[in-house]
Amino acid sequence: MTKPSLSVKDLHVSIEDKEILKGFGIDVKGGEIHAIMGPNGTGKSTLASALMGHPNYEVTSGEATFNGEDLFEMEVDERARAGLFLAMQYPSEVSGVTNADFIRSAMNADRDEDDQVSLMQFIRKIDDKMSTLEIDQSFQHRYLNEGFSGGEKKRNEILQLLMLEPKIAILDEIDSGLDIDALKVVAKGINEMRSDDFGCMIITHYQRLLNYIEPDFVHVMMQGKIVKSGGPELAKKLEEKGYEWIKEELGIEDERVGQE
Amino acid sequence: MTTELTFPVNEQQLQSFSKDRQEPQWFTDQRLAALDKAGKLELPKPDKTKITKWNFSSYSYDANAEASSSYAELSDAVRTLVGGESKIENLLTQKNGRTNYTAVQEELTNQGVIFTDMQTALQEHGDLVQKYFMQDAVSVDEHSLTAAHAALLNGGVFIYVPQNVEVKAPLQAIFAHEGSFGLYNHVLIVAEANSSLTYIENYLSEGSSNEAVANVIAEVYVADGAKVNYGAVDNFADSVTTYVNRRGQVNGTDAELYWALGLMNDGNTVSENTTYLHGRGSRGDTKSVTIGRGTQTSNFTTNMIHFGKDTDGQILKHGVMKEQATSIFNGISKIEHGATKANGEQTERVLMLSEKARGDANPILLIEEDDVTAGHAASVGKIDPLQMFYLMSRGLSRKEAERLIIHGFLEPVVGALAIDSVKEQMYDVIERKVY
């Protein structure tokens, strides 16, 4: 089996006619974990949303292929069924739909009528994953994200990740708002997924999540593109020294994009 | 302008109809007086919906449905609602006003619970019916349709639960309508002190449907410490014009009345649901959902009226509008002077699935007392594109994502229907109406 791959070249993305991504490129393959780091306002979340197909973001130029297929020719649901997953920073709340019903529908979305996940299989799997993530049983019967705390929402995103087993996952600031215990639990879940069949792009401000999920590659984003790449040692250096030294090194005065 | 209603029945015919049913004299007299009023009074005027051109007079008044009493002879639609013969606990079914199946648990009968059709109730419990029938909750002379109802009543049930009796298994009623029959259905529920019950009713059309009228009135009386759960799914065909008025008199201290109404008619509908909270510390909660489709016009008005101190009233109304359907959603929380510490809250949400559909949500708070709390929320809009993005980002097709969101939106009522087979049927009705 060939490893999954996500390849992005010279990507430009705008929101309300404001260009946020300005020539972003990356290659993520199965077995690799990439950390995308950078200060606020440098385009990290725009990248995540645009790759998944968020309706508010417009891809103006550049290309992206997912397992060789043109990603931007695919609808949002087609991207997901092909194996792309986005753990969102602000997932929507959907009243009246239980977590369990939703996740089971999602698991069955790319399966044939005669190959649907049975209720027993589903229960066994979700019980297992919920115990990994130290989530209370009542969780699955609550309405999707409704009234969830910030931390519960993040765990729910990771629960869905573990249940759906995507090929490439993008985690958009999954660590924000989590205390250290929750962070460890989430990291445990993601580490469980690590294999040649799974690639991951972790978007984060902080190095602390990377203490628990060791990345293979670390990229720094400024002004809507990657300005520096390296290995895990780059993240450590950022933790110690912050981002100023990169700005100085590259002669960047304002690292942000799309500001008024 | 006065729109005078004409009726397919005259005084003599009505008298003989009443006689055939062996009704007490007071009821016959009331029918005749009401028939006279019905021709003189005006139609109701639901706020923001004009109904003067609706069909309220073209229908037939001959019930030709044969009364049967075996489960096997019930229609498939009715049997689906029952969920199988082995599931029957307390059931009353009627077709065009004629009872064709009844079952009541023996222990309930022994405890003095009455669950019977109106015709039998008038014969056997006339005094009890007289004490409540169209007395406080609904008056005969409110307008021509209430008067017509009192005059022409030809179907319905009477439920009486004595003091301290808790009815555990739901009481289920199914009212089927066929052809051009004009259905005048009355539901009268009396819950005495510290009693409790759950009642679930279904209205449906069977066979070919012609132009017809359904005029439905329900009255619920709740005494001290009593608790009533009232669930309903209305599902008449598009050729049936419906006036349905469900009212509750929550008279007792700490009495509770919970409504869960699935308003799923395909024809023009005026639906009123009013809860009067008289008892101190009494509670009223009404949840209603609807789906409008085709070219139907509907008016859904919910009133929660607080008289008692420490009363709590909750209104939730959700509507899905598609094609060229037009609906008005009026929610009125009224807190009368003296109802101190009352709390009234309401939410109205309308989901528009088509550019041509219309839906107006009108939340109204009328407060005559200072020492109260109240709040409302209302919205009319399309399905949230971010919710769609979220669900689709997990692999659900656009259609499947929409379906989940819509079912979720209507869940407050579906989830509150206490009989699984009725819940499943409601789910099917939603599927059929939305897709």
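Which residues of chain B does the UniProt annotation "domain: SUF system FeS cluster assembly SufBD core" cover? According to that unreviewed entry, the answer is residues 180-409 (UniProt positions are given in the numbering used here, feature names are shortened, and annotations may be inferred rather than shown by experiment). This is a predicted model, in which local features need pLDDT of at least 70 and side-chain atom pairs count only at pLDDT 80 or more, while totals for chains, interfaces and linings use all residues. Residues are numbered from 1 along each chain as its sequence is written, with chains lettered from A and ligands numbered from 1 in the order in which they are written.

The annotated span of chain B is 9% helix and 61% strand, and its end C-alpha atoms lie 34 Å apart. Helices (H or I, at least four residues) and strands (E, at least two) are DSSP runs, numbered from the N terminus. On chain A, the "domain: ABC transporter" annotation, also from an unreviewed UniProt entry, takes in residues 6-248. That stretch of chain A comes out at 35% helix and 27% strand, with 31 Å between its end C-alpha atoms.

Now for the sheet in chain B. It is open, has 10 strands with mixed pairing, and runs in the order S2-S1-S5-S7-S9-S11-S13-S15-S17-S19; two strands pair if DSSP finds at least two bridges between them. Strand S2 (98-103) and strand S19 (373-381) of chain B sit at the edges with a single partner strand each, so one side of each has no neighbour in the sheet. From one strand to the next, the twist averages 10 degrees. Strand S17 (residues 343-352) of chain B runs parallel to S19(B), with 9 bridges between them, and B:Gln346 has B:His376 in S19(B) as its bridge partner. Helix H10 (residues 420-434) of chain B packs on the sheet, touching S7, S9, S11, S13 and S15 of chain B, and its direction makes about 35 degrees with that of S9(B). Axes here are lines fitted to C-alpha atoms, for helices over the stretch in contact, and angles run from 0 to 180 degrees between N-to-C directions.

As for the two chains, their contact takes 21 residues from chain B and 22 residues from chain A (residues are in contact if their C-beta atoms, placed from the backbone, lie within 7 Å). On the chain B side, helix H8 (385-392) and helix H9 (398-414) each supply at least two residues, and H9(B) gives the most, with 9 residues.
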